[in-house]
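Here are my notes for you, written as numbered points. Keep the 3D view open and click along as you read.

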Amino acid sequence: MPDRLSALDLSFLYLEEPTTPMHVGSVSVFDTPEDGFGYDTLLALVRERLAYVPRYRQRIRRVPGNLANPVWVDDEDFDLTYHVRRSAVPRPGTPDRLHELVARLMSRPLDRERPLWEMYLVEGLEDGRFALVSKTHQAVIDGISAVDIGQVVLDPQPQAPEAPADNWVPSPEPTSLELLAGAVASAVSRPTDLLETARHTVAELPLTGGRLARGLGSAAGSLVTALSTAAWPAPGSPLNVPISSQRRFTTVDTSLDDYRAVRARLGGDVNDVVLATIAGALRSWLFTRGVRVAPTTSVRALVPMSVLTGEGQNRVAEYIVDLPVGEGSPAMRLHQVSYAMKAHQETGRAVRARALAGMAGFAPPTLHAMGARVASSLSRRIFNLVVTNVPGPQSPLYVAGTPMTGTYPVVPLAKGQALAIGLTSYNGVVCFGLNADRDAMSDLDVLAQCIPDALAELVETVDLVEPPPSQPERRRGKAH
């Protein structure tokens, strides 16, 4: 019998609404290709690499009467040209034009009658550059049986490695009678699956402290210290409002060297500095909105973190931290974030950034998707926004020999949450992708500019505390 969707996979289908499509995306920008790069090149590349991601040629088939979870079946009419598409931005091809296109693409739900993914070649960017935009439903990505399509088309060298032979032949789709027989067999052999499915289906019901402790504790033992924080609803915030079906998207580039310099002089790790920077940016953004910010004001972030299980396997677990947006001192914001994150580091199961960046099968697109799955599986009432931070390689990646200049995650919005932040460090640059509700976040560009400003504030604080030795001028961040 075909693979059956897990209870968590199925919950992403049940909870999907017009205002909350459950797909995660990525935007990768590439330099001007020397030998050209067109739609036919991308089509051939994806066709070649599909052997690495067999799930991308499968669709979901429901069991008659919904007697069991749906199953994955091979799409006998698989049409690659439907999934790999061509688009363009109007001249002059500015980043703003690209962001508007990405926002519109991400607002559209995927067709459930086909394999749940799409990839777009976006031409017409400034200076002859192009972009690849991918979107994949969260039901597809579990980090074990599948990886994101945006990962497999990239190579660490300009010369692409030899691809495995693709001898894919679709397996015959099971009949309704076979699906019913499989459902009966599954109910007999694994009766707890029905209860697990029901539990995920009602994930939006209010969580009691005890249930939260059991749910988070079973997922990651390092979260015990976070339970006292997450046992009550998240603080009120303009980030939590009814949202529409349309999005805004923008990107920000900042220098990884700046985060490292702050870490070296003020302590913590790069992730702590990132979160302190976001806290500072949210603080400034709230002021621009005329929101009263008291010394105790905080914004609760769900920060998916990579951990090692008892079996030595890598997985993504939930971690909740209150970002101290009410704190006026940049250095003190960092110290408070570092203290909040210290418990995670002390478990001994945290995966170091350098190890994670080099871990086969855990490239940034897949890890961002896994982080989005973690966020979507929890009650939205216990956090204000999601922040996924994935360390990437610090050397160039290529698609068909063309170097990638930046890669930006698109983290989906949860119901009632107007903003999600994803970031990836790549080749010396920390690349932010800000996905937001179109109506609730008309000032997304203001928040985007607040990010490099908050980082510069931290760097200036470091310079005041301890003047750095003579060194080349650091590359300052900028919002696109």
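1. Let's begin at one end of a sheet. In strand 14, Pro403 is the bridge partner of Tyr398. Strand 13 and strand 14 (residues 402-410) run antiparallel and are joined by two bridges; strands count as a pair if DSSP finds at least two bridges between them. Helices (H or I, at least four residues) and strands (E, at least two) are DSSP runs, numbered from the N terminus.

2. A word on what you are looking at: this is a predicted model, where local features need pLDDT of at least 70 and side-chain atom pairs count only at pLDDT 80 or more, while totals for chains, interfaces and linings use all residues. Residues are numbered from 1 along each chain as its sequence is written, and side-chain values use heavy atoms, with hydrogens and water left out.

3. Now zoom out. The protein chain has 15 helices and 17 strands. Of its 480 residues, 54% are buried (buried is under 20% relative accessible area, exposed over 50%, partly exposed in between, using a 1.4 Å probe and protein chains only). Take the contacts between residues at least 6 apart in sequence: 78% of them join residues at least 24 apart (a contact means heavy atoms within 4.5 Å).

4. Which strands form it, and in what order? Six strands make an open sheet, ordered 4-5-6-1-14-13, with mixed pairing. Strand 4 (84-88) and strand 13 (398-399) are the edges: each has a single partner strand, so one side of each has no neighbour in the sheet.

5. Helix 2 lies across strand 4, strand 5 (117-123), strand 6 and strand 13, and runs at about 155° to strand 4. Helix 4 (residues 95-107) lies across strand 1, strand 4, strand 5, strand 6 and strand 14, at about 20° to strand 6. For these angles, axes are lines fitted to C-alpha atoms, for helices over the stretch in contact, and the angles run from 0 to 180 degrees between N-to-C directions.

6. Next, the rings. There are four aromatic pairs in the structure (rings of Phe, Tyr and Trp, using its six-membered ring, pair if their centres lie within 6.5 Å; planes under 30 degrees apart are stacked, over 60 edge-to-face, the rest tilted). Phe30 and Phe130 are stacked, because their ring centres are 5.1 Å apart and their planes are at 10°. Phe30 belongs to strand 1 (residues 23-30) and Phe130 to strand 6 (residues 130-137), so this pair links parts of the chain 100 residues apart. Phe30 is buried, at 1% relative accessible area, and so is Phe130, at 3%.

7. Phe130 has another ring partner. Phe37 and Phe130 have ring centres 4.4 Å apart and planes at 5°, so they are stacked too. Phe37 is in the loop between strand 1 and helix 2 (39-49), so its pairing with Phe130 in strand 6 ties together parts 93 residues apart in sequence. Phe30, Phe37 and Phe130 make up one aromatic cluster.

8. Strand 16 has neighbours to check. Strand 7 (residues 247-255) pairs with strand 16 in the antiparallel sense over nine bridges, and Phe249 stands opposite Asn435. Strand 15 (residues 419-426) also pairs antiparallel with strand 16, over eight bridges, where Leu423 has Phe432 as its bridge partner. Strands 15 and 16 form a hairpin with two residues between them, and Asn427 in the turn has a positive phi of about 50°.

9. Finally, the nonpolar cores (sets of buried Ala, Val, Leu, Ile, Met, Phe, Trp, Tyr and Cys residues joined through side-chain atoms within 4.5 Å). The largest has 60 residues, and those touching the most other members include Phe432 and Leu447. Not counting residues up to four places away in sequence, Leu447 touches Ala281, Leu282, Trp285, Leu419, Leu434 and Met441. A second, separate core of 36 residues includes Phe37 and Tyr426.
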